[in-house]
Amino acid sequence: AGHTAIINAFLPADRRSAFHITYAGFEEAAARLPEEPVDLVFTSPPFFDFETYSDLGSQSVSRFAEFNTWLVDFLFVCLAKAWSALRVGGHCVIHIADVFKTRVC
């Protein structure tokens with residue numbers, strides 16, 4: 001809802017349909033990337049085992065339990081897919097936090 005409000009506030013009505021926001025885990029979102037290149041990819045990948053959202057085996061930390069395996073086989077693969085979806089001159093925005101200084105609880 002907030003992202004739609006931003007699009008509506010900053011874009012003329014005839015351009016709004018050109019923007020699409022996908023709210024999904026990266027593996028699911030990557031499978032739905034459009035055929036044509038995109039202008040912007042914003043991703044907030046998980047920070048390995050910093051936050052665990054559920055006990056489901058579908059979480060990246062469950063599927064890639066060792067950090068180096070997670071980094072190479074999950075994170076780098078996801079970022080490469082995001083990068084390959086960009087048009088020339090597009091932007092890839094990656095949300096990264098300092099998990100050693102950030103407190104969640």
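Colleague: Let's start with the rings. Which residues do ring pairs link into a cluster?

Modeller: Phe-67, Trp-70 and Phe-74. Keep in mind that this is a predicted model.

Colleague: And how many aromatic pairs turn up in the whole structure?

Modeller: Two, from a search of the whole structure.

Colleague: OK, zoom out for me. What does the secondary structure of the chain come to?

Modeller: Four helices and two strands. Reading from the N terminus, the order is α-α-β-α-α-β.

Colleague: How much of the chain is buried?

Modeller: Buried residues account for 21% of the 105 residues. The chain exposes about 8,100 Å², and 59% of that comes from carbon and sulfur atoms.

Colleague: Now the inside. How many residues does the largest nonpolar core have, and which of them have the most contacts inside it?

Modeller: The largest nonpolar core has 14 residues, and the ones with the most contacts inside it are Phe-26, Val-38, Val-41, Trp-70 and Phe-74. Helix 2 (26-31), strand 1 (38-43) and helix 4 (67-84) each give two or more residues to this core.

Colleague: Which element gives the most to this core?

Modeller: Helix 4, with five residues. As a general point, nonpolar side chains tend to be buried together in soluble globular proteins.

Colleague: Back to Val-41. What is Val-41 in contact with, leaving aside its neighbours within four places in sequence?

Modeller: Ala-82, Leu-86, His-91, Cys-92 and Val-93.

Colleague: What share of the chain's contacts join residues at least 24 apart?

Modeller: Taking contacts between residues at least 6 apart in sequence, 57% join residues at least 24 apart.

Colleague: Switching to charges. How many salt bridges does the count come to?

Modeller: One salt bridge. The side chains of Arg-87 and Asp-39 meet in it, at 2.2 Å from N to O.

Colleague: Which parts does that pair tie together?

Modeller: Arg-87 lies in strand 2 and Asp-39 in strand 1, so the pair ties together parts that are 48 residues apart in sequence.

Colleague: Where does Leu-40 lie, and what is it in contact with?

Modeller: Leu-40 is in strand 1. Leaving aside neighbours within four places in sequence, Leu-40 is in contact with Leu-86, His-91 and Val-93. Leu-40 and Ala-85 are 45 residues apart in sequence, and their C-alpha atoms are 8.9 Å apart in space.

Colleague: Why does Leu-40 count as exposed?

Modeller: Because its relative accessibility is 52%, and exposed means over 50%.

Colleague: Last one: what about Val-93?

Modeller: Val-93 lies in strand 2 (residues 86-94). Its relative accessibility is 34%, so Val-93 counts as partly exposed.

Conventions
Residues numbered from 1 in each chain as written. Predicted model: local features only at pLDDT ≥ 70, side-chain atom pairs only at ≥ 80, totals over all residues. Heavy atoms only, no water. Phe/Tyr/Trp six-rings, centres within 6.5 Å; stacked < 30°, edge-to-face > 60°. Buried < 20%, exposed > 50% of the residue type's maximum accessible area, 1.4 Å probe, protein only. Contact = heavy atoms within 4.5 Å. Areas by Shrake-Rupley, 256 points an atom, 1.4 Å probe, with all protein chains shown as cover. Core = buried A, V, L, I, M, F, W, Y, C linked by side-chain atoms within 4.5 Å. Salt bridge = Lys/Arg side-chain N within 4 Å of Asp/Glu carboxyl O.
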